[in-house]
Amino acid sequence: MDKPRRNPTLKDIAEHTGFGRSTISLALRDSPSLPEKTRRIIQNAAKELGYRPNPLFSALMTRVRQRSQSIKENIALVTRLSEHPRNSSNKFFSILYEAISTQAERHGLGTEVFTYEPATPLPDQRLSQILLARGIRGLILFPGGSGSRKEYPELKWEEFATVLVGFGTRRESIHRVAADYMYDMDYAIRRSEAVGGKRIGLVLQTATDNLTDNAWFSRYLFYQSQLPAKQRLKPFFNKESVSASKQSLLRWYNQERPDVVISSDRYLIGAFRDVGVRIPQDLRAINLTKHEQDDSLAGIDPVTHEVGYAAVDLLLSLMQTNQIGIPQHPRTLTVKGAWSPGKSFPE
């Protein structure tokens with residue numbers, strides 16, 4: 001049986017070309033400090049010998065050289081928000097940004113935000129040029145944004161390691177980190193059943209569920225399909241928020257008579273109160289996106305900070321192992337939410 005072929009070393013290339021190891025190391029990094037002719041001779045010899053650099057060692061030495069020069073490598077957050085995510089009124093965006101920045105700092109990385117508002121987008125080619133000119137190798141596609149253009153810019157993906165947070169895009173070929181929306185829905189249903197809930201209703205806004213890749217809605221429909229026909233409820237699935245649909249919400253409540261309602265709308269309690277439905281006396285309520293420390297509303301904390309940490313950790317692992325470009329087999333990493341008690345769901 002043939003032995004596996006040994007990967008040539010810098011010593012092998014040195015013996016083959018007659019150049020010293022330090023010169024060979026510079027040539028393999030295509031350093032301009034060497035004459036081009038010297039670089040080409042060494043690079044061709046390395047190719048001929050079948051030399052393959054160790055990506056872990058290369059990444060380590062890159063960081064050592066950067067630290068010795070007091071240079072901090074940056075990663076880019078590409079966002080379609082019209083404002084800096086730090087200043088967003090949406091808690092999800094501000095928590096996520098803070099988590100990404102904190103975790104990047106722990107790893108010795110800086111962060112730069114590139115706002116890609118669909119209404120006035122920066123040309124794709126120009127954005128790639130800016131990122132490369134700044135020596136950025138890692139990208140996190142930050143969620144959010146609206147407008148006629150729904151997609152992220154078409155970048156020179158072959159130059160970057162890229163991680164997408166959440167869904168909200170037709171791109172399926174990028175590594176992704178997201179909340180485990182199916183688990184969170186299952187958990188909310190189990191908590192409802194544990195307190196004797198028999199008629200568990202769902203109130204969702206179409207646009208919000210789309211951002212979960214319709215995971216909430218599809219999981220709820222699967223749960224309903226397992227029930228006897230008399231126990232099944234028609235979900236309240238609307239293009240508008242519950243605040244703008246109060247009378248429709250009341251008609252739905254009177255028709256379906258739920259004893260528990262699951263939603264992601266922060267104004268759910270107020271909307272029901274305004275139409276005369278008392279929470280929790282008439283109806284228990286669970287919020288699927290409880291970001292605030294508010295004891296009036298029970299729900300699932302999607303631990304958004306953990307999603308941010310995981311996105312940075314995944315990106316760094318890609319960068320350190322030189323996994324650049326569009327992957328052949330993209331990974332999806334999900335983070336399970338945690339229960340957060342509140343007065344809307346007495347247990």
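Which residue is the bridge partner of V78 in β3? In this predicted model, the bridge partner of V78 in β3 is L141. The legends below begin with the strand that holds V78 and then turn to other close-up views.

Figure 1. Strand β1 covers residues 74–79, and six of its six residues are buried, so the strand is largely enclosed by the rest of the structure. In a regular strand the side chains alternate between the two faces of the sheet. In β1, N74, A76 and V78 point one way, while I75, L77 and T79 point the other way. Strand β2 (residues 110–115) runs parallel to β1 and is joined to it by six bridges. Strand β3 (residues 138–142) also pairs with β1 in the parallel sense, over five bridges. V78 stands opposite F114 in β2 and has L141 as its bridge partner in β3. Together with helix α5 (residues 91–106), β1 and β2 make a right-handed β-α-β unit.

**Figure 2. The salt bridge between E73 and R137.** Side chains of opposite charge can pair when their charged atoms come close. A search of the whole structure finds nine salt bridges. In one of them, the side chains of E73 and R137 meet at 2.8 Å, N to O. E73 belongs to the loop between α4 and β1, whereas R137 belongs to the loop between α6 and β3, and the two are 64 residues apart. E73 has a relative accessible area of 6% and is therefore buried. R137 counts as partly exposed because its relative accessibility is 26%.

Figure 3. The side chains of K336 and D180 form a salt bridge of 3.8 Å, N to O. K336 is in the loop between β11 and β12, and D180 is in the loop between β5 and α7, 156 residues apart. D180 counts as buried, at 14% relative accessibility. The side chains of D186 and R219 meet in a salt bridge of 3.0 Å, N to O. D186 lies in helix α7 and R219 in helix α9 (residues 215–225), so this pair ties together parts that are 33 residues apart in sequence. D186 is partly exposed, with a relative accessible area of 21%, and R219 is partly exposed at 27%.

Figure 4. A pair of aromatic rings is described by the distance of the centres and the angle of the planes. The count for this structure comes to eleven aromatic pairs. Y187 and W339 form an edge-to-face pair, with 6.3 Å from centre to centre and 70° between the planes. Because Y187 lies in helix α7 (residues 181–194) and W339 in strand β12 (residues 338–340), the pair ties together parts that are 152 residues apart in sequence. Both residues, Y187 and W339, are buried. Y183, Y187, W339 and F345 form one aromatic cluster. R284 lies over the face of F345, at 5.8 Å from the ring centre.

**Figure 5. The aromatic pair of Y253 and F272.** The ring centres of Y253 and F272 are 6.1 Å apart and the planes stand at 70°, so the pair is edge-to-face. Y253 is in helix α10 (residues 246–256) and F272 in helix α11 (residues 268–274), 19 residues apart. Y253 counts as buried at 7% relative accessibility, and F272 counts as buried at 0%.

How values were computed: Residues are numbered from 1 along each chain as its sequence is written. This is a predicted model: local features need pLDDT of at least 70, side-chain atom pairs count only at pLDDT 80 or more; totals for chains, interfaces and linings use all residues. Side-chain values use heavy atoms; hydrogens and water are left out. Rings of Phe, Tyr and Trp (its six-membered ring) pair if their centres lie within 6.5 Å; planes under 30 degrees apart count as stacked, over 60 as edge-to-face and the rest as tilted. Helices (H or I, at least four residues) and strands (E, at least two) are DSSP runs, numbered from the N terminus. Buried means under 20% relative accessible area, exposed over 50%, partly exposed in between (1.4 Å probe, protein chains only). A charge sits over a ring if NZ of Lys or CZ of Arg is within 6 Å of the ring centre and within 35 degrees of the ring normal. Two strands pair if DSSP finds at least two bridges between them. A crossover is right-handed if, with the strands pointing away from the viewer, the path from the first strand over the helix to the second runs clockwise. A salt bridge is a side-chain nitrogen of Lys or Arg within 4 Å of a carboxyl oxygen of Asp or Glu.
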